[in-house]
Amino acid sequence: MKTCRFIILLLAFFLLLLQGCQPEPPSNTAVSVLCDVSEKAFNDSALYKKDIAALAGLVARNPLKTGDGGGCLRLSALNALSQNTVHTATLPVSDADVLGSNPYVRQDEVQQFEKEVRDGFDAFCRIYSKDADHSKIYQGLCNELTRLASDPAEHRIMAVYSDFLENSALFSLYPPDNIQCLNDPVQFADSTLSRICPLPALDGITIYLVAYRNEKNDDTVNQALRFWKVILEHRGATVNIGADLNSML
């Protein structure tokens with residue numbers, strides 16, 4: 001009887017030990033990239049083009065992730081339309097066991113994903129090459145944030161490349177029309193912008209605002225960035241502002 005009890009306790013110990021050795025489940029990362037193409041100068045500046053590797057790395061090589069996680073990168077434009085075509089690249093979750101994933105298979109998966117991202121940007125740059133009369137930044141931003149907020153991925157990230165100077169029938173961030181918006185951004189967003197597209201709860205979402213600017217619009221862009229930061233943080237997002245994505249990562 002004592003021998004039987006000892007064997008049962010030993011088996012239970014090994015089962016607990018085996019459970020403790022199980023690898024953490026792989027996590028997913030969802031990345032949304034919005035590029036303002038309302039002015040041809042932005043599209044020609046290569047500001048977002050030089051960040052292609054860094055953007056792909058947020059999914060494929062995200063240091064916050066554990067295991068061999070997957071994810072998706074979505075690329076779309078900000079221009080005179082409230083919604084635009086989306087270019088998507090997907091990295092599958094690695095098919096790993098207790099011993100881990102096959103590094104050669106995983107390398108091929110990551111390389112294929114990075115190629116899909118580069119191809120998506122190439123197609124994007126070919127499509128958008130003309131100036132637009134207006135820029136509906138808010139509607140494009142809100143629509144994609146609504147989708148991103150409902151994404152089940154453990155890590156949700158957005159990168160926006162723009163001068164952030166909305167200029168649409170909805171509102172303008174160019175002076176002197178921007179006075180009403182800048183006076184109380186939260187009240188303006190809740191009373192005016194929410195009628196078009198209410199911002200969802202953005203807790204757990206990290207947003208990078210990468211600003212285009214020049215000597216003529218520098219102060220106006222700074223004012224616009226403060227506006228966006230206030231309304232996005234009010235909804236729970238973590239907002240980072242800069243002129244270079246890599247310096248913010």
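**Exercise 1. Locate Asn 178 in the chain and decide whether Asn 178 is buried or exposed.**

Step 1. Asn 178 sits in the loop that joins strand 4 (155-162) to helix 6 (179-183). Helices (H or I, at least four residues) and strands (E, at least two) are DSSP runs, numbered from the N terminus. The model is a predicted one: local features need pLDDT of at least 70, side-chain atom pairs count only at pLDDT 80 or more, and totals for chains, interfaces and linings use all residues. Residue numbers start from 1 along each chain as its sequence is written, and side-chain values use heavy atoms, with hydrogens and water left out.

Step 2. Buried means under 20% relative accessible area, exposed over 50%, and partly exposed in between (1.4 Å probe, protein chains only). Asn 178 has a relative accessibility of 5%, so Asn 178 counts as buried.

**Exercise 2. Find which residues Asn 178 touches beyond its neighbours within four places in sequence.**

Step 1. With those neighbours set aside, Asn 178 is in contact (heavy atoms within 4.5 Å) with Ser 172, Leu 173 and Gln 223.

Step 2. For Leu 173, the backbone oxygen is reached by the side chain of Asn 178 at 3.4 Å.

Step 3. Gln 223 is 45 residues from Asn 178 in sequence, and the C-alpha to C-alpha distance is 9.1 Å.

**Exercise 3. Describe the protein chain as a whole by its elements, burial and contacts.**

Step 1. Count the elements: 8 helices and 6 strands. Their order from the N terminus is α-β-α-α-β-β-α-α-β-α-α-β-α-β.

Step 2. Of the 249 residues in the protein chain, 45% count as buried.

Step 3. Among contacts with a separation of 6 or more, 78% are between residues 24 or more positions apart.

Key:
Polar contact = N/O pair within 3.5 Å; in protein donor to acceptor, adjacent residues only side chain to side chain.
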